[in-house]
Amino acid sequence: MPRSHPNADGLSDHVEARLREFGIRRGDAIVVAVSGGVDSVVLLDVLHRLSEPLQLRLSVVHLDHGLRPDSADDATFVASLATRLGWPITVESMDVANWAQGRGLSVEQAGRACRRDLWTRVRLQVGARWVAVGHHADDQAETVLLRLLRGAGTTGLGAMRPAGADGIVRPMLEVRRSAIEAYAANRDLKVHEDPMNQDQKIPRNRVRHQLLPLLKSLHNPRIVEGLIRNAHVLQADDDYL
């Protein structure tokens, strides 16, 4: 069952505990996927602070999807952040919309595939065992709802795993977005939020900005916790089956 959600002050200890659970050892190399938004910037900041006591070797990676005229600004921001912290940075740019059209995929599906391809290549190049991404508890609740609306089965409704066989780890998957934002405010972290996160033509954004608030106000004030609990139960069922 899911554990209690840490607050901003407990975020670093929570991430360290999750890394140990995942089997990350002293001296391991970790690729950190950073978009420039608050989730990934906080993840990088926490891992940077843990890098000395855990002797972690970090590498930062960023994909410029080319979906906005100013998307290169995000890449510049992430590169500057990684350089200031002293970590190597890999930035790639591609026309994800064109790539998606040629393969009959949605832009969201294409973006996910292109990011994962880049993460895997960088992980192999730097000899890392892990790729850390900034997914959090609210992302998990949104994923459960999206997959429910699409008619997923047990495996799909289990949503995201904290650690996958592909080396992707999500050490903040049990952390609420509010705690991540509070951590960023406490640390005075600068971020570059993607304005496309407000575009309600995108299904996830409609779930985030319309459906979840409606369910919370009319049906269950703790809808996010309920959806996360369902994901844990279904993951356990899926493992058993």
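What does the accessible surface of the protein chain come to, and how much of it belongs to carbon and sulfur atoms? After that, please take a close look at helix 10.

A: Happy to! This is a predicted model, in which local features need pLDDT of at least 70 and side-chain atom pairs count only at pLDDT 80 or more, while totals for chains, interfaces and linings use all residues. Residues are numbered from 1 along each chain as its sequence is written, and side-chain values use heavy atoms, leaving out hydrogens and water.

The accessible surface of the protein chain is about 12200 Å², and carbon and sulfur atoms hold 50% of that (Shrake-Rupley method, 1.4 Å probe, with only the protein chains shown counting as cover for residues). Of the 241 residues, 46% are buried, meaning under 20% relative accessible area with a 1.4 Å probe, protein chains only.

Now for helix 10, which covers residues 223–240; helices here are DSSP runs of H or I with at least four residues, numbered from the N terminus. From first C-alpha to last, its 18 residues reach 26 Å, close to the expected 26 Å (1.5 Å times one less than its number of residues).

Which of its residues are buried? They are I223, V224, E225, G226, L227, I228, A231 and Q235. Their cover includes helix 6 (137–150), helix 7 (154–157) and helix 9 (203–218), with contact meaning heavy atoms within 4.5 Å.

In that chain, 76% of the contacts with a separation of 6 or more join residues 24 or more positions apart.

Methods
Buried means under 20% relative accessible area, exposed over 50%, partly exposed in between (1.4 Å probe, protein chains only). Helices (H or I, at least four residues) and strands (E, at least two) are DSSP runs, numbered from the N terminus.
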